[in-house]
Amino acid sequence: MSSHALGDHGHAAHAHDLHDHAAHGHQMSFIGKYIFSRDHKIIGLQFLFSTLLWFIVGGLLALGIRWQLAYPWSKLPILGDMLFSGEAGQMSPEFYTALFTMHATVMIFLVIIPILAGAFGNFLIPLMIGADDMAFPTLNMLSYWFMWPAFVCFGMTFLTAGHGAGSGWTSYPPLSVIESAAPASGMAQTWWLLGVTFVGVSSMLGSVNYMTTIIQMRAPGMTMFRMPMTIWGMFITAILQAFALPVLTAAGFMQLLDRVWDTGFFVAEGATANNAAAMSGGGQPLLWQHLFWFYSHPAVYIMILPAMGMVSDMIACFARKPLFGYKPMVYSISGIAGLGFIVWGHHMFVSGMNPVLGVTFMLATMMIALPSAIKVFNWLGTIWGGKIHFTTPMLFAVAFVSMFIIGGLSGIYMAATPVDIFIHDTYFIVAHFHYVLFSGTAMAVMGAIYFWFPKMFGRMMHDGWGKVHFLLTFIFLNGTFYPMHLLGMVGFPRRLADPYHYETFAHLLPMNQFMTWCAIGMVATQIIFAINFFYSMFYGPKAGRNPWHANGLEWCAPSPPGHGNFDFQPIVYRGPYEYGSPETDEDYYPQWHPPKQGESSGGEEPKPH
Amino acid sequence: MKRTLSKARPSVLALVTLAASLASLAGCDQSSQAYFTATSAPKAEIQRSIDRLDASLATAKDEQKEDIRTSIKNLEEELGALPEKQRIVTTIVDAMFGTPDKPIVLSATGLDANKIRLAAGPTTANQDGNTGGLYRRHCVHCHGVAGNGAGPTAEFLNPYPRDFRHGWFKFKSTGINEKPTDDDLRRILREGINGTAMPSFKLLPAAEIDALVEYVKYLSIRGEVENTLYKRFDDDGIKEMLAGAMKGGEAGDEFRALIIEDLLSDEATGVMATWKRANERIVEVVPRPEVSSEESIQKGREIFYGKGGCVQCHGDSAMGDGQTYYVNDIDATRSNAIKQLVNPSFPMQALKPRNLRYTVIRGPSRDIDLYRRLRNGIDAVGMPAPTIPPEEVWHLVDYVKSLPYEFNEPGPTQSENTRAN
Amino acid sequence: MGKAKYWSIVYLMVPIFGVGLFVAAPALRMWLPADVSEHGHTIDHLFVFIMYLTGAVFVATECALVWYLWKYDSKSNPAPTKFTHGSHSLEVVWTILPAATLLFIAIYQINAWADQKLVRRAPVESVGPDGVRGTADDVPKAPIAEVTGRQFEWRIRYPGPDGVLHTRDDLLDVNDLHIPVDEELVLVIKSEDVLHSFFLPNFRVKQDVVPGMKQKVWFKAVKGSEGRSYDLVCAELCGWGHYKMKGRVTVDTQSDYRAWLEKLSFEQHKTSEPPPATAEEQ
């Protein structure tokens with residue numbers, strides 16, 4: 001039976017009668033409403049749609065990579081004749097470097113970070129803490145509109161030589177600095193750097209806003225330790241961004257200067273490639289790596305902490321049981337954030353950095369595995385003894401836990417410095433971060449879309465098709481990413497357009513073909529999701545205020561909430577995870593319900609203020 | 001009734017998004033058979049001449065202007081006739097040499113069809129290692145499917161990759177205006193050309209290297225035939241032959257045979273003539289003079305700064321800071337060969353004399369290779385041969401080899417961040 | 001009713017296939033490549049040690065997850081929710097245990113790291129940087145070759161008869177490195193243009209080369225590896241032709257190694273070649 005049983009449709013009728021207190025007075029134009037909106041929900045949805053579009057782009061780029069790895073130098077389907085007539089339709093090697101560079105760039109900077117912080121952060125933060133909007137609505141609008149220059153810049157890279165930036169998303173100098181070092185190190189790299197800068201501005205605006213909003217605008221009774229884990233995740237993420245981003249931005253400008261004015265921060269004296277005139281240099285390529293990872297390692301946590309928060313909310317809701325160890329969970333994400341700043345060197349164990357430093361970073365890295373482990377145990381503790389409802393969001397949330405275990409454990413191999421000597425820059429790493437970012441974060445995001453879709457659009461997504469979507473995605477993603485561990489064990493290096501001319505790796509071709517077909521299946525599966533998403537948006541059953549019988553404050557607002565969010569002033573009486581509390585007859589006890597009332601339904605109309 | 005803002009909102013956003021995504025899935029077509037790309041070089045070359053003449057109109061004296069206008073008109077006519085010319089030449093050359101997927105090996109070329117088959121066609125991958133399509137696996141990115149040195153990556157390399165179609169090769173054991181031997185091509189494939197983007201393919205099995213050598217010759221011969229057809233298109237005999245060869249069936253066969261006879265096999269002017277005699281044109285290496293190496297270097301230095309004339313280009317410092325030419329500048333007063341080296345649509349590149357202080361010598365760097373290079377000069381890029389007796393070339397070799405180390409005293413090693421136990 | 005709990009089977013597939021694939025991996029020839037270095041076994045040992053450790057945790061946590069999902073399905077389990085907000089003692093236990101384990105791994109591996117990256121063993125008889133042969137313990141051994149990465153090949157320079165690099169008698173080669181067997185050896189690796197990474201899968205050696213820096217790697221090819229060749233892989237993105245940077249390391253016996261150097265020297269200095277007529281007809 002579908003999860004709709006949980007849903008409470010009785011309130012659809014109420015929604016019409018609700019008087020949206022903020023709507024009257026200003027009849028906004030189309031542009032004011034939908035384009036340059038300052039409403040956090042519209043901005044959240046703008047982020048959501050934009051990032052989902054880029055998700056498609058990133059996925060197709062990934063298929064390009066997989067095609068080359070499965071059928072190296074065979075004609076590229078569809079695009080081959082258009083782009084590569086000079087070599088009979090097979091992709092050029094610099095296009096391959098552009099593919100993996102832009103796949104990572106798009107997925108990290110234009111999908112994962114903005115979909116977590118931008119889409120869900122924007123949509124959920126005011127709703128979950130009981131605020132009527134963000135602290136700085138205009139800043140919030142700007143944070144979305146600063147993404148557009150970034151979209152344009154990243155789009156421009158595809159139109160330049162080599163069809164994209166090709167120095168990897170890590171953009172290591174000197175390859176990225178010496179313009180003639182590769183076709184993609186020309187204008188494409190400049191566009192790329194500008195794009196990253198704009199994304200950074202957007203993130204920074206968002207981060208300031210989130211911190212201020214969470215600290216200042218919580219509803220009465222919403223103490224810090226009554227905030228849902230999602231908010232904690234967003235809060236810590238915002239702090240991470242605020243402190244790490246300036247370093248990346250500065251480094252990006254330094255690289256830009258290196259490229260434009262030959263400042264030579266990141267290239268050694270006399271640096272040259274491809275017979276270009278030597279640069280005066282005087283800098284150090286490793287400096288970039290330090291600065292880049294000083295941001296990009298915390299960025300890894302920026303890409304997972306909000307997902308962890310959302311998963312905690314979903315699991316508690318569908319296990320109908322309080323989150324196990326709420327405070328340890330909070331402490332562990334804070335611990336991750338703190339330690340996250342001192343582990344960046346583990347990306348550089350074999351880079352030429354002083355090996356003595358490697359030991360320090362190794363110790364810190366080992367320790368950062370600890371909070372992650374604590375979180376997993378607490379999720380298990382939450383599921384233990386609950387009453388589990390296998391809804392689509394729950395399936396995705398549990399998939400997150402199941403996959404995050406793999407991604408977390410494989411991290412220990414890399415933290416072990418001697419082992420890292422062998423597996424560094426092999427597919428073992430690729431497996432590791434795809435298990436964390438795709439199998440982890442993307443699963444959480446998909447679950448979150450199913451979970452909060454009724455709040456966003458007022459309608460339910462189809463649960464049956466959601467489960468089909470889940471099952472196929474789950475199977476295909478493991479088919480795609482799990483064998484990467486084995487490839488990595490053989491030493492199969494990343495970023496090689498044609499690894500098979502090495503005798504060591506020639507026999508890995510069939511496995512790569514299998515993985516490619518799984519990847520194609522995985523991307524194709526998302527069509528189910530897209531249809532379900534758009535169909536449900538218009539024709540799905542009406543959701544009502546609290547279809548999942550959840551406790552969070554967002555569920556007391558109308559679905560979708562109007563301008564100003566709440567039609568009464570919510571007052572918070574308890575933590576967000578009082579499911580199955582003996583104090584009520586129901587199996588949930590919403591945060592906004594005053595205590596000691598004989599209430600019968602979570603959807604009951606709270607008293608207007 | 002007041003509408004809440006939220007009502008219409010999602011659907012509008014959704015529609016905009018959907019429309020945008022559909023718009024991005026624009027049409028696509030594909031054909032299955034690979035062809036040699038039509039040569040764009042003549043067109044670009046003519047166009048560039050027109051542009052230059054156009055530009056010169058502004059500064060020209062009045063009496064010159066008429067001439068310039070006539071030249072432009074002639075060139076424009078030539079440009080107009082080019083597509084038809086191209087169609088005929090392409091059809092005939094394709095009929096003679098086949099397509100990249102299905103090459104035809106004419107017996108007149110003396111090439112080994114089995115080797116060509118191994119190198120041509122799409123890359124075939126299997127887990128035992130690749131066995132087919134070697135050219136497209138290893139070479140095509142730079143040298144292009146037609147061997148015209150204009151693959152997708154070519155434009156970004158310095159120097160540009162070789163355009164095989166002109167039959168010019170730089171590093172060889174034979175003299176100026178001669179073709180390289182198979183061994184020469186093999187050596188380039190095995191050792192790469194240090195100082196350029198041509199990497200070493202030393203680790204390929206010998207049979208694969210041989211196959212690639214054969215295919216390079218095939219592309220070269222094909223290109224030379226194509227070029228000859230363009231050049232002699234309007235010659236009397238040729239015109240009839242071409243018209244005949246355009247006919248289908250047996251009537252055409254006769255003329256095609258004539259073309260092969262005339263352009264390929266002819267002992268004096270045929271394309272194959274130079275290829276066949278390559279082995280006989282290997283430059284003789286005289287024995288080293290019996291002097292100590294220090295003495296030889298000293299003599300070499302005198303030649304370098306004296307009668308050898310090396311300083312003119314390589315500079316007093318021997319750092320290659322003498323004179324610089326532009327490979328792609330068709331106004332340069334260099335030989336025609338230089339003009340033809342690369343696709344004229346690429347940006348111009350400086351043709352720099354080598355910095356001899358740098359430890360990397362471009363091209364093969366065995367003593368014997370350096371000897372031949374200094375004895376012959378370098379074909380097609382304008383390095384002339386010094387006019388000195390053959391045995392004195394050895395002194396120059398020794399001097400050039402010593403240049404990188406002339407001021408390099410092995411000093412104390414820096415202390416390391418490692419400790420021994 | 002109560003069929004929903006079968007969803008937990010999906011998650012059960014994770015540990016089953018996860019472990020299964022690793023069990024089947026050696027049969028699929030997907031295991032650590034043959035190790036022919038002296039130190040490599042410490043890395044392999046660590047890898048396998050961590051694999052068993054994480055494997056156990058993996059199976060335990062995934063099975064617990066599946067079991068809880070199965071058991072506490074709302075449709076088939078009538079028991080009420082166990083209303084608890086956590087357990088302090090449990091938290092302490094599952095903080096201390098993993099912390100201790102992780103710390104153990106951290107300390108356990110430090111020596112292996114130091115051996116490969118920090119402590120270069122002096123040979124019994126060594127040639128110091130001043131070219132003097134000696135047996136002093138603190139004299140690091142002179143490198144047997146310099147390997148320079150450039151787009152897109154490995155240029156190799158042997159020091160030649162005088163044993164010192166960058167002198168006139170250096171021997172040059174490309175992509176084809178020969179090393180003597182059973183000898184602790186040092187290579188200087190550097191880059192001419194951009195970052196590359198000197199990766200020898202079979203020797204468990206990997207070191208990025210950074211333009212402007214001179215790196216050293218040291219290892220010892222074990223007896224039994226002589227006469228074989230192993231891949232030299234570039235493992236750091238170095239541009240469009242990154243995949244082309246394939247080199248080869250051939251392990252020779254001491255006499256073969258000397259013969260190889262002599263052959264290189266002969267090729268480099270010879271003044272005549274046999275005519276190629278026979279090659280033409282092959």
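Two strands are taken to pair if DSSP finds at least two bridges between them, and strands themselves are DSSP runs of E of at least two residues, just as helices are runs of H or I of at least four residues, each numbered from the N terminus. The structure described here is a predicted model, in which local features need pLDDT of at least 70 and side-chain atom pairs count only at pLDDT 80 or more, whereas totals for chains, interfaces and linings use all residues. Residues are numbered from 1 along each chain as its sequence is written, while chains are lettered from A and ligands numbered from 1 in the order in which they are written.

In chain C, strand β5 (residues 153-158) pairs antiparallel with strand β6 (residues 171-174) through four bridges, and within this pairing C:Arg157 stands opposite C:Leu172 of β6(C). Five of the six residues of β5(C) are buried, so that the strand is mostly covered, where buried denotes 20 or more other C-beta atoms within 10 Å of the residue's own, exposed 12 or fewer, and partly exposed the range in between, with C-beta atoms placed from the backbone.

A further sheet of chain C is open and contains five strands in the order β7-β13-β12-β9-β10, with mixed pairing. Its edge strands, each pairing on one side only, are β7 (176-180) and β10 (205-209), and neighbouring strands are turned by 25° against each other on average, direction ignored. Strand β7(C) runs parallel to strand β13 (residues 247-252), to which five bridges join it, and C:Pro180 has C:Asp252 as its bridge partner in β13(C). Helix α4 (residues 254-269) of chain C lies across β7 and β13, running at about 140° to β7(C); such angles run from 0 to 180 degrees between N-to-C directions, and axes are lines fitted to C-alpha atoms, for helices over the stretch in contact.

The loop between α1 (7-24) and α2 (40-71) of chain C contains C:Val36, which counts as buried because it has 23 C-beta neighbours inside 10 Å. Apart from neighbours within four places in sequence, C:Val36 is in contact (C-beta atoms, placed from the backbone, within 7 Å) with C:Asn202, C:Phe203, C:Ala221, C:Val222, C:Ser225 and C:Tyr230.

In chain A, helix α16 (residues 427-457) packs against helix α17 (residues 463-490) at an angle of about 170°, the axes being 8 Å apart. The two helices, α16(A) and α17(A), are therefore roughly antiparallel, a term for angles over 145 degrees, with those under 35 counted as roughly parallel, 65 to 115 as roughly perpendicular and the rest as oblique.

Between chains A and C, the contact takes 94 residues from chain A and 82 residues from chain C. Helix α13(A) gives the most to the side of chain A that touches chain C, with 17 residues. By class, that side of chain A has 61 nonpolar, 23 polar and 10 charged residues, where Ala, Val, Leu, Ile, Met, Phe, Trp, Tyr, Cys and Pro count as nonpolar, Asp, Glu, Lys and Arg as charged, and the others, Gly among them, as polar.

Methods. Two residues are in contact if their C-beta atoms, placed from the backbone, lie within 7 Å.
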